[in-house]
Amino acid sequence: MSVHDDINAVQRCLDDLNRSVSRLEHQLGSALEIRRVRLDADHLRESVALLREAAAPATPHRPDLVTISDAPYDISLWTDSDDEGLGARDRRAP
């Protein structure tokens, strides 16, 4: 049996438990004990939902692609820049 089959089996049992608790609640009224059982059943349902999410195969997040144009860059972007290792354009290299 796979993990998903086991989780589905637990979910079916919880559904049966929920139906049984509803019948008891209808027969006994809203007593403190039945409210506690209802609350515990709801917590179990939430826990199984968390297990289902944790067992789901993680889909890898693909980063968004950025298109880089083949057109040449505007030369004005480099008017105040230094050439790496050579210094400023109007001075001699050391």
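This is a short talk on a predicted model of a protein with 2 helices and 0 strands.

Some ground rules. Residues are numbered from 1 along each chain as its sequence is written, and side-chain values use heavy atoms, with hydrogens and water left out. Because the model is predicted, local features need pLDDT of at least 70 and side-chain atom pairs count only at pLDDT 80 or more, while totals for chains, interfaces and linings use all residues.

Helices here are DSSP runs of H or I with at least four residues, strands are runs of E with at least two, and both are numbered from the N terminus. Helix 1 covers residues 3-28. The expected span of a helix is 1.5 Å times one less than its number of residues. After helix 1 comes Gly-29, with a positive phi near 85°. Helix 2 runs over 32-55. Its 24 residues should span 34 Å, and its end C-alpha atoms are 35 Å apart, so the two values agree.

Now the packing. Two packed helices are described by the angle between their axes and the distance between the axes. Axes are lines fitted to C-alpha atoms, for helices over the stretch in contact, and angles run from 0 to 180 degrees between N-to-C directions. The axes of helix 1 and helix 2 come within 10 Å and cross at roughly 165°. That makes helix 1 roughly antiparallel to helix 2, a label for angles over 145 degrees.

Which residues are buried? Buried means under 20% relative accessible area, with a 1.4 Å probe and protein chains only. In helix 1 they are Ile-7, Gln-11, Leu-14 and Val-21; in helix 2, Ile-34, Arg-38, Ala-41 and Val-48. The cover over the buried residues of helix 1 includes helix 2, and the cover over those of helix 2 includes helix 1.

Take Gln-11, in helix 1. Gln-11 counts as buried because its relative accessibility is 17%. Setting aside neighbours within four places in sequence, Gln-11 is in contact (heavy atoms within 4.5 Å) with Arg-45, Val-48 and Arg-52.

Last, the whole protein. Buried residues make up 10% of its 94 residues. Of the contacts with a separation of 6 or more, 59% come from residues 24 or more positions apart.

Notes
Buried means under 20% relative accessible area, exposed over 50%, partly exposed in between (1.4 Å probe, protein chains only). Angles under 35 degrees count as roughly parallel, over 145 as roughly antiparallel, 65 to 115 as roughly perpendicular and the rest as oblique.
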